[in-house]
Amino acid sequence: MTLSSHTRSLQAHSQKALRITTAINLWLLVFFPCVHCNAQVRAVRGRVAVPLATKMGELASRELFFLKKVCNPSKSEYETITEATRKHVKEMQDLYLEYSKTKEPKTWPRPEQLITDHLQTLADQTFAPQIANAYRKEITARNEANVAAVSSIVTNLIDSQVLLSPTEMDSVASKVAALETTREATLPVALFYRHMIPIPSPDSMSDILTERQLILWKTQKHPNYNQPWVNYFNSNDFLSSIFAPGVKEEPNIPPPEKAERK
Amino acid sequence: MPTLISIFASQLRTLLGMLIVCMHFAPNADAQVAAQPARVINYSAENFDRLCFRNMIATAARAKADRMLNAKAAMTESSVQLTHEQKAKLLLAGEVDIQRFFAAFEQLKSQWKFGSIPQHVFSAQFPKMRSAALPLMERYQKGLHGEGSLYHKAKLTMLTPTDFETTQAFNHKRKQKLYLNLIRATVASLDSRLPLTIEQREAVINTIMENTDPMEPLDYNEPMLFAVIPRLKEVESQLQPYFSEQEWLVVKKFMALAELQKR
């Protein structure tokens, strides 16, 4: 074997290596966009997906915990309510499955609303009117506190850009509380990042701010708020690791695996 | 025998050839490594602006400071009556505060090298740059016309003590309201994971409001929970009696979220 033949064999070897590298690169080029696309599809589907049974179970368990705290049911009363709620969660799953084929996600009822309505009906049937009313009052107060919290944060954000007097803050907060963007906001998510704060539409802002403030508001950058309620089931938030007592340890609802398989 | 010799000679030639090739390639490989340009980071002055002003360039940050000065003067005007001259003086003092701040910023900026910087130089420079910029970043986020500013001093010398007190009380009320809003939102976040009764909700909000100092207004670029949760920790022992033992574990977990904050 001569020097030149060696060089040739080395060249051939390096060419072979080059071919392998190119093939791997091409394969990666083909494969990774596919993985990426799949992830995107999953993400897009996730935004409008039927709420997961596990999440529904968590939500139902949390509300059952609250009902127990407010109404103090007997063991048999609680068991009956839990059983009925378990069935209701399954019905809700079917309902959302149906909605996913027939309705726009933004028109779907909020799962929290469905569960509390269901528990309210059960409370009316099971407990004395006084107790059932106390439960109703608590649920209404919580909903109002949520709206107040969202409008508070929107007011603070507006203040950070235009400066409001204390009286103006009250007026802005009450106007913001009446807006659909506020009432439909998914609170825990809305609180985390600036772009998730449900800022009123530019049209609404002219009714909320004075002329001076409006000019100031318009000259600043604002995040675009576009969060449909389905984000309620987005577990990618800091609070997702926090559960009401008993929700993780003793899952009342569903058995999740069975519900998901179904 | 001659065949053996020729085979041996051929093998020897092969070995020599390989040796030559190796010798030929070895320095080349080194040369290739040496020839590879060092990694370069493109870090512009604009990048530095964005670091200091939370993703705004310096001109935009300055324009915002001007707008906030006007809004601040309007705020003062809504709490006390200002003459035209007094307002002009206040605005002038505020403008000086802005100019001083941006002069300090430009001076800091001039200390660093921007453009294409070798990675190792950038890695050494960036932490120093960031820590040097931090006080200015915080000053800007806090507002340029607070206590210690020329604007504040002008207000103090220009207004009567009663008027000055009125503006201070007005500002305090504003701060309290903004703080209450933040607390409400934070408690509502807890509520979303651990449903609270009306009594618990009110008790938590009141305990925090009555026993902690209101925070400086935020700019909402960071999740606000991180700013408020430490306040809950301050009154931990006062909050505990409002929760059952089981619930308190959840509240503690909620408070522990503050540790997730990135700096």
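Predicted model: local features only at pLDDT ≥ 70, side-chain atom pairs only at ≥ 80, totals over all residues.
How many residues does helix H5 of chain B have, and how far does the helix reach from its first C-alpha to its last?

1. Helix H5 of chain B, covering residues 119-142, has 24 residues and reaches 33 Å from its first C-alpha to its last, which is close to the 34 Å expected at 1.5 Å a residue. After H5(B) comes B:Gly143, with a positive phi near 110°.

2. In chain B, helix H3 (residues 58-79) and helix H4 (residues 84-110) have axes that come within 10 Å and cross at roughly 155°. Angles over 145 degrees count as roughly antiparallel, and H3(B) is therefore roughly antiparallel to H4(B). The crossing in which H3(B) passes H4(B) is right-handed.

3. On the H3(B) side, the contact with H4(B) is made by B:Ala58, B:Arg62, B:Ala65, B:Asp66, B:Leu69, B:Lys72, B:Ala73, B:Thr76 and B:Glu77. H4(B) contributes B:Lys87, B:Leu90, B:Leu91, B:Gly94, B:Glu95, B:Ile98, B:Phe102 and B:Phe105. By class, the residues of this contact between H3(B) and H4(B) divide into nine nonpolar, two polar and six charged.

4. In chain A, the axes of helix H4 (residues 111-126) and helix H5 (residues 129-162) come within 9 Å and cross at roughly 160°. With that angle, H4(A) and H5(A) are therefore roughly antiparallel to each other, and H4(A) passes H5(A) in a left-handed crossing.

5. Which residues make the contact between H4(A) and H5(A)? From H4(A) they are A:Thr116, A:Gln120, A:Ala123 and A:Asp124, while H5(A) supplies A:Ala132, A:Tyr135, A:Arg136 and A:Ile139. The residues of this contact of H4(A) with H5(A) comprise four nonpolar, two polar and two charged.

6. On handedness, then, the H3(B) and H4(B) pair crosses right-handed, whereas the H4(A) and H5(A) pair crosses left-handed.

Note on methods: Residues numbered from 1 in each chain as written. Chains lettered and ligands numbered in written order. Axes fitted to C-alpha atoms, helices over the stretch in contact; angles between N-to-C directions. Helix = DSSP H or I, 4+ residues; strand = E, 2+ residues; numbered from the N terminus. Parallel < 35°, antiparallel > 145°, perpendicular 65-115°, else oblique. Left-handed = near helix turned anticlockwise from the far one by under 90°. Contact = placed C-beta atoms within 7 Å. Nonpolar A, V, L, I, M, F, W, Y, C, P; charged D, E, K, R; others polar. Expected span 1.5 Å × (residues − 1).
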